[in-house]
Amino acid sequence: MIKINFSPLTWLPDEKVKVTAANRQMRELVARLADAPKYHTLTAQDRQQLIDEGYAADLVDNLVFITLRTDEPGKDVVTSGFNYAAFDTSLFSSVHLRTHLAQLSRGCCAYCESYLSATDAGKVGHFRPVELLETDQATGQSTVTTCSPYYSQAYEQRNLLFVCEACHEQHKGGRFPLAGQRQPGISIEQEQPLLVNPYEDDPRLYIRFDPVSGRAYPFDLLSAFLMETRLQQSDDVAKEIWSHPGIVRHAPDFTQLPEFTSWYHSLDKDRVKQLSKGQVSIQLLGLNRPELVIARLSALSQFHLAFKHFRHCERSDEKSDINAFINSLPILQFRSLSIDALQTWHNQSDEQDLNDAEYSLPVDSSMPERNVFPAWFRASLRYCIEESQLMETRKRNLVFLSAKDKLYGQKPKEKCVFLPLNWQRDKHKLIKVRSERNIWETSFTELASSRPLELLNLFTQNDIWVEGPFDALHSA
Ligand SMILES: [Zn+2]
(Lines give C-alpha, C1' and ligand atoms only; values in the text may rest on other atoms or scores of the structure.)
Protein backbone atom coordinates (compact mmCIF):
# COMPACT_ATOMS: atom_id res chain seq x y z
CA MET A 1 0.00 0.00 0.00
CA ILE A 2 1.25 3.47 -0.80
CA LYS A 3 0.10 7.05 -0.21
CA ILE A 4 -2.54 8.34 -2.63
CA ASN A 5 -3.08 12.05 -3.04
CA PHE A 6 -6.81 12.56 -2.93
CA SER A 7 -8.60 15.09 -5.06
CA PRO A 8 -12.39 15.19 -5.47
CA LEU A 9 -14.32 14.89 -8.70
CA THR A 10 -17.06 17.39 -9.36
CA TRP A 11 -20.38 15.55 -9.41
CA LEU A 12 -22.47 15.99 -12.54
CA PRO A 13 -25.41 18.37 -11.87
CA ASP A 14 -28.02 15.60 -11.60
CA GLU A 15 -25.71 13.50 -9.43
CA LYS A 16 -25.18 16.42 -7.11
CA VAL A 17 -28.93 16.84 -6.70
CA LYS A 18 -29.32 13.13 -5.91
CA VAL A 19 -26.41 13.03 -3.45
CA THR A 20 -27.57 16.13 -1.60
CA ALA A 21 -31.16 14.89 -1.42
CA ALA A 22 -30.15 11.40 -0.28
CA ASN A 23 -27.85 12.74 2.44
CA ARG A 24 -30.49 15.17 3.70
CA GLN A 25 -33.24 12.57 3.76
CA MET A 26 -31.05 9.98 5.52
CA ARG A 27 -30.11 12.53 8.18
CA GLU A 28 -33.73 13.52 8.72
CA LEU A 29 -35.04 9.95 8.85
CA VAL A 30 -32.47 8.93 11.46
CA ALA A 31 -33.20 12.10 13.44
CA ARG A 32 -36.91 11.22 13.41
CA LEU A 33 -36.11 7.95 15.11
CA ALA A 34 -33.90 9.51 17.77
CA ASP A 35 -36.72 9.63 20.29
CA ALA A 36 -38.39 6.35 19.36
CA PRO A 37 -38.71 3.99 22.33
CA LYS A 38 -36.58 0.86 22.71
CA TYR A 39 -37.92 -2.30 21.09
CA HIS A 40 -40.10 -0.22 18.78
CA THR A 41 -40.53 -1.74 15.34
CA LEU A 42 -41.28 0.21 12.22
CA THR A 43 -44.67 -0.88 10.90
CA ALA A 44 -45.83 -0.78 7.29
CA GLN A 45 -48.05 2.10 8.35
CA ASP A 46 -45.07 4.05 9.79
CA ARG A 47 -43.19 3.59 6.55
CA GLN A 48 -46.15 4.57 4.37
CA GLN A 49 -46.53 7.75 6.37
CA LEU A 50 -42.89 8.69 5.73
CA ILE A 51 -43.30 8.01 2.01
CA ASP A 52 -46.43 10.14 1.98
CA GLU A 53 -44.41 12.93 3.56
CA GLY A 54 -42.14 12.86 0.53
CA TYR A 55 -39.24 10.63 1.61
CA ALA A 56 -37.79 8.37 -1.09
CA ALA A 57 -39.32 4.89 -0.97
CA ASP A 58 -35.87 3.24 -1.36
CA LEU A 59 -34.68 4.96 1.80
CA VAL A 60 -37.82 4.38 3.81
CA ASP A 61 -38.13 0.71 2.85
CA ASN A 62 -34.55 0.09 3.92
CA LEU A 63 -34.60 2.18 7.05
CA VAL A 64 -33.56 0.00 9.98
CA PHE A 65 -34.43 0.60 13.60
CA ILE A 66 -33.32 -2.13 15.96
CA THR A 67 -32.64 -2.62 19.62
CA LEU A 68 -29.49 -4.67 20.17
CA ARG A 69 -29.78 -6.88 23.20
CA THR A 70 -26.89 -6.95 25.64
CA ASP A 71 -26.27 -9.25 28.59
CA GLU A 72 -26.76 -6.43 31.08
CA PRO A 73 -30.40 -5.77 31.98
CA GLY A 74 -31.58 -2.34 30.90
CA LYS A 75 -28.50 -1.72 28.80
CA ASP A 76 -29.89 -2.75 25.44
CA VAL A 77 -28.78 -0.36 22.70
CA VAL A 78 -30.96 1.29 20.10
CA THR A 79 -29.44 1.73 16.68
CA SER A 80 -30.71 3.01 13.36
CA GLY A 81 -29.39 3.13 9.82
CA PHE A 82 -30.00 1.69 6.39
CA ASN A 83 -29.71 -1.60 4.54
CA TYR A 84 -27.38 -1.63 1.57
CA ALA A 85 -30.34 -1.54 -0.83
CA ALA A 86 -31.06 2.00 0.35
CA PHE A 87 -28.01 3.33 -1.46
CA ASP A 88 -27.96 4.45 -5.06
CA THR A 89 -25.03 2.39 -6.35
CA SER A 90 -25.13 4.14 -9.72
CA LEU A 91 -23.68 7.20 -7.97
CA PHE A 92 -20.61 5.64 -6.41
CA SER A 93 -19.93 3.21 -9.23
CA SER A 94 -20.41 5.52 -12.19
CA VAL A 95 -17.79 5.17 -14.93
CA HIS A 96 -16.45 8.71 -14.57
CA LEU A 97 -16.05 8.43 -10.80
CA ARG A 98 -14.36 5.05 -11.14
CA THR A 99 -12.02 6.42 -13.80
CA HIS A 100 -11.17 9.36 -11.57
CA LEU A 101 -10.42 7.17 -8.54
CA ALA A 102 -8.40 4.78 -10.73
CA GLN A 103 -6.28 7.70 -11.91
CA LEU A 104 -5.61 8.73 -8.32
CA SER A 105 -4.16 5.28 -7.61
CA ARG A 106 -2.41 4.86 -11.00
CA GLY A 107 -4.80 2.13 -12.08
CA CYS A 108 -3.78 0.01 -9.08
CA CYS A 109 -5.80 -1.36 -6.19
CA ALA A 110 -5.54 1.21 -3.39
CA TYR A 111 -4.85 -1.59 -0.92
CA CYS A 112 -2.67 -4.25 -2.57
CA GLU A 113 -1.23 -2.13 -5.43
CA SER A 114 -2.04 -4.72 -8.10
CA TYR A 115 -2.44 -3.11 -11.51
CA LEU A 116 -6.12 -3.51 -12.41
CA SER A 117 -6.72 -1.22 -15.33
CA ALA A 118 -5.22 -3.66 -17.85
CA THR A 119 -8.21 -5.94 -17.48
CA ASP A 120 -10.67 -3.30 -16.34
CA ALA A 121 -11.00 -5.30 -13.15
CA GLY A 122 -11.10 -2.51 -10.58
CA LYS A 123 -14.18 -1.33 -8.75
CA VAL A 124 -15.13 1.36 -6.31
CA GLY A 125 -15.29 0.34 -2.67
CA HIS A 126 -16.14 2.07 0.60
CA PHE A 127 -13.35 2.51 3.14
CA ARG A 128 -15.84 2.88 6.01
CA PRO A 129 -18.39 0.21 5.09
CA VAL A 130 -21.98 1.15 4.49
CA GLU A 131 -22.76 -2.45 5.33
CA LEU A 132 -20.90 -3.13 8.55
CA LEU A 133 -19.87 -6.54 9.83
CA GLU A 134 -18.80 -6.81 13.40
CA THR A 135 -16.86 -9.71 14.81
CA ASP A 136 -18.37 -11.30 17.85
CA GLN A 137 -15.81 -10.50 20.56
CA ALA A 138 -16.86 -13.46 22.68
CA THR A 139 -16.26 -16.19 20.12
CA GLY A 140 -13.95 -14.30 17.79
CA GLN A 141 -15.55 -16.20 14.94
CA SER A 142 -19.07 -15.43 13.91
CA THR A 143 -19.77 -12.08 12.42
CA VAL A 144 -23.02 -10.34 13.04
CA THR A 145 -24.46 -7.71 10.78
CA THR A 146 -25.56 -4.48 12.30
CA CYS A 147 -26.83 -1.51 10.38
CA SER A 148 -23.84 0.62 9.55
CA PRO A 149 -23.40 3.94 11.33
CA TYR A 150 -21.52 5.04 8.23
CA TYR A 151 -24.56 5.62 6.01
CA SER A 152 -23.58 9.28 5.84
CA GLN A 153 -20.31 8.19 4.18
CA ALA A 154 -21.98 6.35 1.30
CA TYR A 155 -21.41 9.17 -1.20
CA GLU A 156 -18.39 10.83 0.44
CA GLN A 157 -15.68 10.64 -2.20
CA ARG A 158 -12.97 10.54 0.46
CA ASN A 159 -14.55 7.31 1.62
CA LEU A 160 -14.32 5.76 -1.86
CA LEU A 161 -11.31 3.88 -3.19
CA PHE A 162 -10.39 2.11 -6.42
CA VAL A 163 -9.94 -1.48 -5.27
CA CYS A 164 -9.71 -5.09 -6.38
CA GLU A 165 -12.33 -7.68 -5.65
CA ALA A 166 -9.98 -9.86 -3.59
CA CYS A 167 -8.96 -7.12 -1.14
CA HIS A 168 -12.31 -5.46 -0.91
CA GLU A 169 -14.80 -8.28 -1.01
CA GLN A 170 -13.09 -11.56 -0.32
CA HIS A 171 -11.00 -10.19 2.54
CA LYS A 172 -12.08 -6.86 3.99
CA GLY A 173 -15.79 -7.24 3.39
CA GLY A 174 -17.82 -5.13 5.78
CA ARG A 175 -15.25 -5.17 8.55
CA PHE A 176 -13.85 -1.96 9.96
CA PRO A 177 -12.02 -2.50 13.26
CA LEU A 178 -11.21 0.40 15.56
CA ALA A 179 -8.87 0.92 18.50
CA GLY A 180 -11.65 2.51 20.54
CA GLN A 181 -15.28 3.49 20.27
CA ARG A 182 -17.28 3.66 17.07
CA GLN A 183 -19.57 6.47 16.01
CA PRO A 184 -22.30 7.50 16.77
CA GLY A 185 -20.90 7.24 20.32
CA ILE A 186 -18.11 9.53 19.11
CA SER A 187 -17.60 11.52 15.91
CA ILE A 188 -15.97 10.00 12.84
CA GLU A 189 -12.96 12.31 13.31
CA GLN A 190 -12.40 10.87 16.79
CA GLU A 191 -12.44 7.26 15.63
CA GLN A 192 -9.13 5.40 15.55
CA PRO A 193 -9.35 2.99 12.60
CA LEU A 194 -7.07 -0.03 12.62
CA LEU A 195 -7.20 -0.12 8.83
CA VAL A 196 -4.61 2.01 7.04
CA ASN A 197 -6.23 4.70 4.89
CA PRO A 198 -4.11 5.44 1.81
CA TYR A 199 -5.68 8.93 1.51
CA GLU A 200 -5.15 9.95 5.13
CA ASP A 201 -2.19 7.92 6.38
CA ASP A 202 1.27 7.30 5.04
CA PRO A 203 0.89 3.54 4.54
CA ARG A 204 4.65 3.01 4.61
CA LEU A 205 4.67 3.92 8.29
CA TYR A 206 2.56 0.82 8.89
CA ILE A 207 3.27 -1.70 6.16
CA ARG A 208 6.49 -2.63 4.38
CA PHE A 209 7.73 -5.53 2.33
CA ASP A 210 10.41 -8.16 2.62
CA PRO A 211 12.36 -8.11 -0.66
CA VAL A 212 13.21 -11.79 -0.35
CA SER A 213 9.90 -13.45 0.38
CA GLY A 214 7.72 -10.70 -1.12
CA ARG A 215 5.62 -10.66 2.03
CA ALA A 216 4.14 -7.66 3.82
CA TYR A 217 5.03 -7.03 7.46
CA PRO A 218 3.89 -4.51 10.10
CA PHE A 219 6.49 -1.76 10.02
CA ASP A 220 4.88 0.22 12.85
CA LEU A 221 5.29 -2.69 15.23
CA LEU A 222 8.84 -3.47 14.10
CA SER A 223 9.89 0.20 14.35
CA ALA A 224 8.56 0.50 17.87
CA PHE A 225 10.35 -2.69 18.85
CA LEU A 226 13.68 -1.60 17.37
CA MET A 227 13.46 1.90 18.77
CA GLU A 228 12.62 0.72 22.25
CA THR A 229 15.00 -2.19 22.50
CA ARG A 230 17.93 -1.01 20.41
CA LEU A 231 17.68 2.71 21.09
CA GLN A 232 17.42 3.84 17.51
CA GLN A 233 15.95 7.00 16.09
CA SER A 234 12.97 6.56 13.81
CA ASP A 235 14.99 7.76 10.80
CA ASP A 236 17.60 5.08 11.43
CA VAL A 237 15.18 2.19 11.56
CA ALA A 238 14.45 1.95 7.83
CA LYS A 239 18.12 2.38 6.97
CA GLU A 240 19.07 -0.31 9.46
CA ILE A 241 16.54 -2.75 8.02
CA TRP A 242 17.67 -2.05 4.46
CA SER A 243 21.33 -2.42 5.37
CA HIS A 244 20.91 -5.50 7.54
CA PRO A 245 17.81 -7.38 6.45
CA GLY A 246 18.95 -10.11 8.83
CA ILE A 247 17.80 -7.91 11.69
CA VAL A 248 14.26 -8.92 10.84
CA ARG A 249 15.25 -12.28 9.46
CA HIS A 250 12.41 -13.18 7.13
CA ALA A 251 10.85 -9.84 7.95
CA PRO A 252 7.27 -11.00 8.36
CA ASP A 253 8.36 -13.34 11.12
CA PHE A 254 10.26 -11.01 13.41
CA THR A 255 7.43 -11.58 15.86
CA GLN A 256 8.91 -15.04 16.46
CA LEU A 257 12.15 -13.62 17.88
CA PRO A 258 12.41 -14.33 21.64
CA GLU A 259 13.63 -10.75 22.19
CA PHE A 260 10.49 -9.48 20.47
CA THR A 261 8.19 -11.73 22.47
CA SER A 262 9.51 -10.53 25.82
CA TRP A 263 9.28 -6.87 24.72
CA TYR A 264 5.76 -7.36 23.39
CA HIS A 265 4.53 -8.98 26.60
CA SER A 266 5.81 -5.99 28.57
CA LEU A 267 3.45 -3.62 26.74
CA ASP A 268 0.09 -2.62 28.17
CA LYS A 269 -3.17 -3.42 26.39
CA ASP A 270 -3.74 0.05 24.96
CA ARG A 271 -0.25 0.23 23.52
CA VAL A 272 -0.63 -3.19 21.91
CA LYS A 273 -3.81 -2.00 20.25
CA GLN A 274 -2.19 1.24 19.07
CA LEU A 275 0.64 -0.75 17.53
CA SER A 276 -1.63 -3.20 15.73
CA LYS A 277 -2.66 -1.05 12.78
CA GLY A 278 -0.12 -2.46 10.31
CA GLN A 279 -0.75 -6.02 11.39
CA VAL A 280 -4.53 -5.72 11.38
CA SER A 281 -4.48 -4.10 7.93
CA ILE A 282 -2.29 -6.89 6.51
CA GLN A 283 -4.60 -9.56 7.88
CA LEU A 284 -7.83 -7.78 7.08
CA LEU A 285 -6.91 -7.20 3.44
CA GLY A 286 -5.14 -10.54 2.99
CA LEU A 287 -1.98 -8.77 1.87
CA ASN A 288 0.00 -11.99 2.12
CA ARG A 289 -2.40 -14.13 0.12
CA PRO A 290 -0.44 -16.52 -2.10
CA GLU A 291 -1.52 -15.11 -5.45
CA LEU A 292 -0.40 -11.65 -4.38
CA VAL A 293 2.91 -12.84 -3.00
CA ILE A 294 3.54 -14.65 -6.30
CA ALA A 295 2.80 -11.45 -8.24
CA ARG A 296 5.21 -9.53 -6.00
CA LEU A 297 7.94 -12.14 -6.45
CA SER A 298 7.54 -11.82 -10.17
CA ALA A 299 7.75 -8.02 -9.95
CA LEU A 300 10.95 -8.32 -7.90
CA SER A 301 12.85 -9.70 -10.87
CA GLN A 302 11.89 -6.60 -12.88
CA PHE A 303 12.98 -4.34 -10.04
CA HIS A 304 16.27 -6.15 -9.98
CA LEU A 305 16.85 -5.47 -13.66
CA ALA A 306 16.21 -1.81 -12.90
CA PHE A 307 18.65 -1.99 -10.01
CA LYS A 308 21.37 -3.41 -12.23
CA HIS A 309 20.88 -0.41 -14.47
CA PHE A 310 21.20 1.88 -11.47
CA ARG A 311 24.45 0.18 -10.44
CA HIS A 312 25.77 0.68 -13.92
CA CYS A 313 24.91 4.41 -13.83
CA GLU A 314 26.33 4.70 -10.34
CA ARG A 315 29.65 3.24 -11.42
CA SER A 316 29.88 5.59 -14.34
CA ASP A 317 28.78 8.44 -12.05
CA GLU A 318 25.85 9.34 -14.21
CA LYS A 319 23.23 9.26 -11.53
CA SER A 320 23.71 7.99 -8.02
CA ASP A 321 20.77 9.19 -5.98
CA ILE A 322 18.74 6.08 -5.26
CA ASN A 323 15.62 8.01 -4.21
CA ALA A 324 15.58 10.02 -7.42
CA PHE A 325 16.18 6.84 -9.36
CA ILE A 326 13.25 5.02 -7.69
CA ASN A 327 10.97 7.99 -8.31
CA SER A 328 11.91 8.06 -11.95
CA LEU A 329 11.13 4.38 -12.53
CA PRO A 330 8.06 3.72 -14.66
CA ILE A 331 6.59 1.42 -12.02
CA LEU A 332 2.84 1.25 -11.67
CA GLN A 333 2.20 -1.61 -9.33
CA PHE A 334 3.88 -2.60 -6.05
CA ARG A 335 5.65 0.75 -5.64
CA SER A 336 6.03 0.29 -1.93
CA LEU A 337 7.72 -3.09 -2.46
CA SER A 338 9.98 -1.54 -5.10
CA ILE A 339 11.24 1.02 -2.56
CA ASP A 340 12.04 -1.68 -0.01
CA ALA A 341 13.70 -3.92 -2.59
CA LEU A 342 15.81 -1.26 -4.30
CA GLN A 343 16.82 0.38 -1.04
CA THR A 344 17.83 -2.97 0.41
CA TRP A 345 19.97 -3.87 -2.58
CA HIS A 346 21.44 -0.38 -2.63
CA ASN A 347 22.27 -0.27 1.06
CA GLN A 348 23.68 -3.77 0.95
CA SER A 349 25.74 -3.19 -2.11
CA ASP A 350 28.13 -1.01 -0.10
CA GLU A 351 29.18 -4.09 1.76
CA GLN A 352 29.05 -6.81 -0.84
CA ASP A 353 28.89 -7.29 -4.53
CA LEU A 354 25.56 -8.48 -5.82
CA ASN A 355 25.69 -10.73 -8.78
CA ASP A 356 22.24 -12.16 -8.75
CA ALA A 357 18.73 -11.28 -7.79
CA GLU A 358 19.06 -12.37 -4.19
CA TYR A 359 20.82 -10.88 -1.24
CA SER A 360 22.45 -13.53 0.86
CA LEU A 361 20.51 -14.51 3.91
CA PRO A 362 22.52 -14.52 7.12
CA VAL A 363 21.13 -17.98 7.84
CA ASP A 364 21.42 -21.48 6.49
CA SER A 365 25.17 -21.21 6.11
CA SER A 366 25.24 -24.80 7.22
CA MET A 367 23.53 -25.95 4.08
CA PRO A 368 26.01 -26.94 1.41
CA GLU A 369 23.32 -26.63 -1.24
CA ARG A 370 22.26 -23.24 0.06
CA ASN A 371 22.06 -21.74 -3.38
CA VAL A 372 19.98 -24.56 -4.75
CA PHE A 373 16.72 -22.99 -3.60
CA PRO A 374 15.87 -19.38 -4.32
CA ALA A 375 16.16 -17.14 -1.27
CA TRP A 376 12.48 -16.28 -1.25
CA PHE A 377 11.66 -19.99 -1.03
CA ARG A 378 14.03 -20.64 1.87
CA ALA A 379 12.72 -17.54 3.62
CA SER A 380 9.13 -18.67 3.27
CA LEU A 381 9.36 -22.33 4.15
CA ARG A 382 8.31 -23.40 7.65
CA TYR A 383 7.17 -26.29 9.75
CA CYS A 384 3.77 -25.78 11.22
CA ILE A 385 2.45 -27.45 14.34
CA GLU A 386 -1.15 -26.85 15.28
CA GLU A 387 -2.07 -26.89 18.93
CA SER A 388 -3.80 -30.24 18.56
CA GLN A 389 -0.65 -31.72 17.02
CA LEU A 390 1.88 -30.51 19.59
CA MET A 391 2.31 -33.98 21.00
CA GLU A 392 2.57 -35.64 17.62
CA THR A 393 5.91 -37.22 16.79
CA ARG A 394 7.59 -38.09 13.50
CA LYS A 395 5.57 -35.59 11.47
CA ARG A 396 5.56 -31.86 10.72
CA ASN A 397 3.40 -29.98 8.26
CA LEU A 398 5.58 -28.19 5.77
CA VAL A 399 4.17 -24.87 4.73
CA PHE A 400 5.05 -22.13 2.34
CA LEU A 401 3.97 -19.63 4.94
CA SER A 402 2.20 -17.13 2.76
CA ALA A 403 -0.25 -19.81 1.74
CA LYS A 404 -1.17 -20.59 5.29
CA ASP A 405 -0.95 -17.52 7.47
CA LYS A 406 -4.49 -16.56 6.65
CA LEU A 407 -5.68 -19.88 7.97
CA TYR A 408 -3.72 -20.22 11.17
CA GLY A 409 -3.02 -18.33 14.29
CA GLN A 410 -5.91 -15.92 14.30
CA LYS A 411 -8.41 -17.90 16.27
CA PRO A 412 -7.77 -19.74 19.53
CA LYS A 413 -8.57 -23.18 18.17
CA GLU A 414 -6.29 -22.71 15.20
CA LYS A 415 -3.35 -21.58 17.27
CA CYS A 416 -0.16 -23.02 15.93
CA VAL A 417 3.60 -22.82 16.10
CA PHE A 418 5.76 -22.12 13.08
CA LEU A 419 9.32 -23.41 13.18
CA PRO A 420 12.16 -22.64 10.80
CA LEU A 421 13.81 -25.50 8.97
CA ASN A 422 17.20 -26.73 9.91
CA TRP A 423 18.42 -27.49 6.42
CA GLN A 424 21.46 -29.40 7.52
CA ARG A 425 19.44 -31.73 9.71
CA ASP A 426 16.22 -31.89 7.77
CA LYS A 427 17.24 -32.16 4.16
CA HIS A 428 17.27 -35.96 4.21
CA LYS A 429 13.81 -36.38 5.67
CA LEU A 430 10.98 -37.78 3.64
CA ILE A 431 8.54 -35.28 2.19
CA LYS A 432 4.98 -36.36 1.42
CA VAL A 433 2.58 -34.46 -0.77
CA ARG A 434 -1.16 -34.98 -0.75
CA SER A 435 -3.02 -33.76 -3.80
CA GLU A 436 -6.69 -34.19 -4.50
CA ARG A 437 -6.13 -37.62 -5.94
CA ASN A 438 -3.15 -39.24 -4.26
CA ILE A 439 -0.15 -39.02 -1.97
CA TRP A 440 3.38 -39.14 -3.28
CA GLU A 441 6.84 -38.96 -1.78
CA THR A 442 9.62 -36.56 -2.59
CA SER A 443 12.69 -34.94 -1.02
CA PHE A 444 14.37 -31.56 -0.84
CA THR A 445 16.87 -32.75 -3.42
CA GLU A 446 14.06 -33.56 -5.78
CA LEU A 447 12.26 -30.29 -5.06
CA ALA A 448 15.44 -28.39 -5.76
CA SER A 449 15.20 -29.37 -9.39
CA SER A 450 11.73 -27.83 -9.69
CA ARG A 451 11.27 -24.50 -11.35
CA PRO A 452 10.12 -21.58 -9.13
CA LEU A 453 6.60 -21.60 -10.50
CA GLU A 454 6.27 -25.33 -9.93
CA LEU A 455 7.37 -24.87 -6.32
CA LEU A 456 4.77 -22.16 -5.83
CA ASN A 457 2.06 -24.31 -7.30
CA LEU A 458 3.08 -27.29 -5.24
CA PHE A 459 2.89 -25.37 -1.99
CA THR A 460 -0.22 -23.37 -2.69
CA GLN A 461 -2.28 -26.31 -3.88
CA ASN A 462 -1.28 -29.29 -1.80
CA ASP A 463 -0.94 -30.52 1.72
CA ILE A 464 2.75 -31.22 2.39
CA TRP A 465 4.46 -32.72 5.40
CA VAL A 466 7.84 -34.07 6.40
CA GLU A 467 8.41 -37.36 8.17
CA GLY A 468 11.39 -38.12 10.35
CA PRO A 469 12.57 -38.42 13.96
CA PHE A 470 10.70 -35.35 15.21
CA ASP A 471 10.06 -34.98 18.94
CA ALA A 472 6.77 -33.88 20.40
CA LEU A 473 6.52 -30.20 21.33
CA HIS A 474 5.06 -29.43 24.72
CA SER A 475 2.44 -26.75 24.87
CA ALA A 476 3.88 -23.62 26.47
ZN1 LIG B 1 -6.26 -5.31 -3.91
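How many of the 476 residues of the protein count as buried? In this predicted model, 33% of the 476 residues are buried, a residue being buried if 20 or more other C-beta atoms lie within 10 Å of its own, exposed if 12 or fewer do, and partly exposed in between, with C-beta atoms placed from the backbone. Residues are numbered from 1 along each chain as its sequence is written. Because the model is predicted, local features need pLDDT of at least 70 and side-chain atom pairs count only at pLDDT 80 or more, whereas totals for chains, interfaces and linings use all residues.

The protein contains 18 helices and 14 strands; helices (H or I, at least four residues) and strands (E, at least two) are DSSP runs numbered from the N terminus. Contacts are defined between residues whose C-beta atoms, placed from the backbone, lie within 7 Å. Of the contacts with a separation of 6 or more, 69% join residues 24 or more positions apart.

The predictor's confidence in each residue is expressed as pLDDT, from 0 to 100. The protein averages a pLDDT of 84, and 88% of the residues score at least 70. Among the elements, the lowest mean pLDDT, 65, belongs to strand 5 (residues 143–145), and the highest, 97, to strand 6 (residues 160–163). The pLDDT is below 50 over residues 353–368, a stretch that has 27 contacts in the model beyond near neighbours in sequence.

Two packed helices are described by the angle between their axes and the distance between the axes. Here the axes are lines fitted to C-alpha atoms, for helices over the stretch in contact, and angles run from 0 to 180 degrees between N-to-C directions. Helix 7 (residues 219–230) packs against helix 9 (residues 258–265) at an angle of about 90°, their axes lying 11 Å apart. Helix 7 is therefore roughly perpendicular to helix 9, given that angles under 35 degrees count as roughly parallel, over 145 as roughly antiparallel, 65 to 115 as roughly perpendicular and the rest as oblique. Helix 7 contributes F225, E228 and T229 to this contact, and helix 9 contributes E259, F260 and W263. The residues of this contact comprise 3 nonpolar, 1 polar and 2 charged, where Ala, Val, Leu, Ile, Met, Phe, Trp, Tyr, Cys and Pro count as nonpolar, Asp, Glu, Lys and Arg as charged, and the others, Gly among them, as polar.

Helix 7 also packs against helix 11, at an angle of about 155° and with the axes 6 Å apart. The two helices are therefore roughly antiparallel. F219, D220 and L221 of helix 7 meet K277, G278 and Q279 of helix 11, and this contact divides into 2 nonpolar, 2 polar and 2 charged residues. Helix 11 (residues 277–285) is largely enclosed by the rest of the structure, because 7 of its 9 residues are buried. These buried residues are K277, G278, V280, S281, I282, Q283 and L285. They pack against helix 6 (165–172), strand 7 (207–209), strand 8 (216–218) and helix 7. Helix 11 is followed by G286, which has a positive phi near 65°.

Strands of a sheet pair through backbone hydrogen bonds, either parallel or antiparallel. An open sheet is formed by 6 strands in the order 11-9-10-14-12-13, with antiparallel pairing; two strands pair if DSSP finds at least two bridges between them. Strand 11 (416–420) and strand 13 (439–442) are the edge strands, each pairing on one side only. The twist averages 35° from one strand to the next. Strand 9 (residues 381–386) is paired with strand 11 in the antiparallel sense over 5 bridges, and I385 stands opposite V417 in strand 11. Strand 12 (residues 430–434) runs antiparallel to strand 13, to which 4 bridges join it. These two strands form a hairpin with 4 residues between them, and R434 stands opposite I439 in strand 13.

The loop between helix 5 (95–104) and strand 3 (123–126) includes R106, and E113 is found in the loop between helix 5 and strand 3 as well. Phi is positive in R106, near 55°, although this residue is not glycine. E113, likewise not a glycine, has a positive phi of about 65°. R106 counts as partly exposed because it has 17 C-beta neighbours inside 10 Å, whereas E113 is buried, with 30 other C-beta atoms within 10 Å.

Terms used. Two residues are in contact if their C-beta atoms, placed from the backbone, lie within 7 Å.
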